[in-house]
Amino acid sequence: MPKNYAEISPAIVKALGGLTNIEAVTHCMTRLRFVVKDQALIDTPALKAINGVLGVVHSGEQCQVIIGNEVSKAYQAVLALGMPGNTPTATPAKRKITLKGIGAGILDALIGTMSPLIPAIIGGSMVKLLAMILDMFGVFEKGSSTLVILNVIGDGAFFFLPVMVAASAALKFKTNMSLAIAIAGVLLHPNFIDLMAKAAQGQAVEFAYIPVTAVKYTYTVIPALVMTWILSYIERWVDRITPAVTKNFLKPMLIVLIAAPIAIVFIGPVGIWIGSGISALVYTVHGYLGWLSVAIMGAIWPLLVMTGMHRVFTPTIIQTIAETGKEGMVMPSEIGANLSLGGSSLAVAFKTKNRELRQTALAAAASAIVAGISEPALYGVAVRLKRPLIASLISGFICGAVAGLGGLASHSMASPGLFTSVQFFDPTNPMSIVWVGGVMVLAVVLSFVLTLLLGFEDIPESEEAQTAPPAPATNTVNAANTQ
């Protein structure tokens, strides 16, 4: 049933402590992500009780409100309330520095920056996949201009990823977007790329007598992200030291002259080392454990989604696909994880006596199985009823193992589901079609059966009709009690 977010959004804001307690809000594919000033002012039980809220996750200074597939409508409704703190001129509140706070801040910066870029990345990768399929079936001649243009269209989001990251990070760090884009553009300028190519071949490259490390910035995330974060401090410092009469020309000139060389000489190389280190660590584990690493990832993926930690892998996946054309650990594990949550939701819809829960479970199952968007199933069904979550984790492990044994790899980073399963088809290995189809069927069937075997505590309709959070119920549905 469609929700009226114009009515829901004020209740969400009120439960978060009001507009004055909210610094900023963004959204990903299923969540509203609020940065709050005081976590103590949040009324979590009231927030969870709102009709239309599937769950609540606290992560550092963020309060993530799970909405589901209509999160963009909820986001617009929240913005319509006059949400403060989303403008580049807003100054972030000072907070006490702690090790936990630093970790949460890094995760928040990474997720907050990358989440708005996911649609463009998915769109581009799917166009590249389309070009690959058209080439495979010989629809166009090899090297035809149509295929070249399709590949260029698909590659645009990857090649210019530093610019996209800079723009998104500028909103996140509340700094000037045009300056962030301009500095990121320096790293992708044809002359600079040519200079870096010469440096890679051993030619000495210096800036003001400081050696410049050869770095390829296309397809990268970390350098532009770190650069924009530092830019936010440089901009505020330059603003303080420049006279008012010179701000129109002197301020932007100084910012660019300071930030761009720092990015080229220091941030870029360090960012590349960080990104390469994370990627190397992930795939070293995959190299040692093989199919078992995919199985483990398949089992813990829903738990990573619950904490928001799944977005940590986004830069690694993007860079791996951009450099090698495929990713063979994280993405294959998502097939079983997503569709297992869909299968468990189908089992709940099949056995529950609660009509509202049945509708929720069916919609969540369709979202997970067809589109690969699993959070409605995760929060609306699995976490809520608990045992379906256990069934999904077991099924995710088994299906991840099968995907790993089959050597499945993704050529895109769209959320794995029925419509996006084409991303796992390998033109050089026709059996990949059989493997991905088998894993998807196994995930739905296995999780469905396991959910029925484990059973779940049904929610009485009287409870569903109220806005109170779900409580333990007495009507147990399992293999022995099916009526």
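This dialogue walks through selected features of a predicted model.

Student: What should I know before reading this model?
Tutor: This is a predicted model, where local features need pLDDT of at least 70, side-chain atom pairs count only at pLDDT 80 or more, and totals for chains, interfaces and linings use all residues. Residues are numbered from 1 along each chain as its sequence is written, and side-chain values use heavy atoms, with hydrogens and water left out.

Student: Which residue does the UniProt annotation "active site" cover?
Tutor: Take such records with care. UniProt positions are given in the numbering used here, feature names are shortened, and annotations may be inferred rather than shown by experiment. Here the unreviewed UniProt entry places "active site" on Cys28.

Student: Where does Cys28 lie?
Tutor: Start with the secondary structure. Helices (H or I, at least four residues) and strands (E, at least two) are DSSP runs, numbered from the N terminus. Cys28 sits in the loop between strand 1 (22-27) and strand 2 (31-36).

Student: Which residues does Cys28 touch?
Tutor: Contact means heavy atoms within 4.5 Å. Not counting residues up to four places away in sequence, Cys28 touches Arg33, Val71 and Ser115.

Student: Which residues is Ser9 in contact with?
Tutor: Ser9 lies in helix 1 (residues 5-15). Ser9 counts as buried, at 1% relative accessibility. Leaving aside neighbours within four places in sequence, Ser9 is in contact with Ala77, Val78 and Leu81.

Student: Where is the place of Ser333?
Tutor: Ser333 belongs to helix 14 (residues 330-351). Ser333 is buried, with a relative accessible area of 0%. Ser333 touches Val294, Met297 and Gly298, not counting residues up to four places away in sequence.

Student: How many residues apart in sequence are Ser333 and Gly400?
Tutor: Read sequence and space together. Ser333 and Gly400 are 67 residues apart in sequence, yet their C-alpha atoms are 4.9 Å apart in space.

Student: How many salt bridges does a search of the whole structure find?
Tutor: Side chains of opposite charge can pair when their charged atoms come close. A salt bridge is a side-chain nitrogen of Lys or Arg within 4 Å of a carboxyl oxygen of Asp or Glu. The search of the whole structure finds four.

Student: Which residue forms a salt bridge with Asp135?
Tutor: Lys142 pairs with Asp135, and their closest N and O atoms are 3.2 Å apart. Asp135 is partly exposed at 26% relative accessible area. Lys142 is exposed at 66%.

Student: In which helix do Asp194 and Lys198 both lie?
Tutor: Both lie in helix 9 (residues 190-200), four residues apart, about one turn of the helix. Asp194 forms a salt bridge with Lys198, with the closest N and O atoms 3.5 Å apart. Asp194 is partly exposed at 40% relative accessible area. Lys198 is partly exposed too, at 34%.

Student: Which residue forms a salt bridge with Lys251?
Tutor: Asp239 does, with the closest N and O atoms 3.2 Å apart. Lys251 lies in helix 11 (residues 250-289) and Asp239 in helix 10 (residues 222-241), so the pair ties together parts that are 12 residues apart in sequence. Asp239 counts as partly exposed at 32% relative accessibility. A network of salt bridges links Asp239, Lys247 and Lys251.

Student: How many aromatic pairs does the structure hold?
Tutor: A pair of aromatic rings is described by the distance of the centres and the angle of the planes. Rings of Phe, Tyr and Trp (its six-membered ring) pair if their centres lie within 6.5 Å; planes under 30 degrees apart count as stacked, over 60 as edge-to-face and the rest as tilted. The structure holds five aromatic pairs. One of them joins Phe192 and Tyr217, with ring centres 6.1 Å apart and planes at 35 degrees, so the pair is tilted.

Student: Where do Phe192 and Tyr217 lie?
Tutor: Phe192 lies in helix 9 and Tyr217 in the loop between strand 6 (210-211) and helix 10, so the pair ties together parts that are 25 residues apart in sequence. Phe192 is buried at 11% relative accessible area. Tyr217 counts as buried at 2%.

How values were computed: Buried < 20%, exposed > 50% of the residue type's maximum accessible area, 1.4 Å probe, protein only.
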